[in-house]
Amino acid sequence: MANEVVLLDFEMSPFAARVRIALEEKGIEYKSQVEDLSNKSSTLLKMNPVHQQIPVLIHNGRPICESMIIVQYIDEVWSHKPSLLPSDPYRRAHARFWADYIDKKIYPIGRNLWASEGEVKESSKKDLFQCFKILEEELGDKQYFGDESFGYIDLALIPFYSFFYTFETLGNWSMVAEFPKLVKWGERCLQKESVSKSLSDHKEIYEAALQIKQELGIE
């Protein structure tokens with residue numbers, strides 16, 4: 001059977017970026033099918049009828065949904081390349097814990113910086129600041145979250161590096177001043193071609209956030 005890999009994609013999605021990075025890390029050839037999220041394709045609606053969201057990986061006609069589930073699938077199917085998850089069960093569980101933390105915290109809280117105002121925005125700013133503090137403490141003095149090599153936790157978080165400019169501008173703080181280790185970690189990750197070619201431009205993310213604010217009538 002032909003090894004056909006298609007990614008239902010969207011350039012500025014941090015979740016799609018995770019999958020692009022994983023595919024690049026494994027050296028997998030794939031076709032990116034960019035979706036118009038305001039006019040979703042019949043393929044997307046068919047392949048992800050439950051959530052109707054990207055990313056969706058279609059491998060030999062079969063869909064896999066949800067970004068970190070897709071990353072785990074890629075890691076298991078293309079196991080001849082270096083693993084993204086640790087081999088040790090405890091470290092693997094640890095990596096999954098932090099990826100889950102990132103999923104539940106960073107984007108849901110961060111989007112309130114451009115999609116809310118008043119007390120909700122101020123509360124979200126404080127919560128996001130605390131999340132970054134916790135993540136920087138977990139990183140510590142390590143090169144990567146998994147220690148010496150780029151792995152599962154790094155892959156979960158690095159797409160949000162493109163959002164740092166938006167977060168700090170709308171939140172009125174400096175990432176490099178408040179979280180220097182996280183910024184250095186992001187710069188280190190960007191030295192990897194799999195990451196640099198997969199991330200969105202931070203200014204484009206910021207402009208998109210401003211557009212959403214304007215559409216919502218938020219000053």
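## Helix 4 against helix 6

In this predicted model, the axes of helix 4 (residues 89-110) and helix 6 (residues 118-139) come within 9 Å and cross at roughly 155°. Helix 4 is therefore roughly antiparallel to helix 6 (angles over 145 degrees count as such). Axes are lines fitted to C-alpha atoms over the stretch in contact, and angles run from 0 to 180 degrees between N-to-C directions. Helices are DSSP runs (H or I, at least four residues), strands are E runs of at least two, and both are numbered from the N terminus.

The residues in contact (heavy atoms within 4.5 Å) are these:

| Helix 4 | His94, Trp98, Tyr101, Ile102, Lys105, Ile106, Ile109, Gly110 |
| Helix 6 | Ser124, Asp127, Leu128, Cys131, Phe132, Ile134, Leu135, Glu138 |

They divide into 10 nonpolar, 3 polar and 3 charged. Here Ala, Val, Leu, Ile, Met, Phe, Trp, Tyr, Cys and Pro count as nonpolar, Asp, Glu, Lys and Arg as charged, and the others, Gly among them, as polar.

The chain has 12 helices and 4 strands. An unreviewed UniProt entry annotates residues 88-216 as "domain: GST C-terminal"; such annotations may be inferred rather than shown by experiment. Residues 88-216 are 74% helix and 0% strand. Their end C-alpha atoms lie 47 Å apart.

The C-alpha atoms fill a box of roughly 55 × 45 × 25 Å along the principal axes.

Residues are numbered from 1 along each chain as its sequence is written. Local features need pLDDT of at least 70, side-chain atom pairs count only at pLDDT 80 or more, totals for chains, interfaces and linings use all residues, and side-chain values use heavy atoms, without hydrogens and water.

Methods
Parallel < 35°, antiparallel > 145°, perpendicular 65-115°, else oblique.
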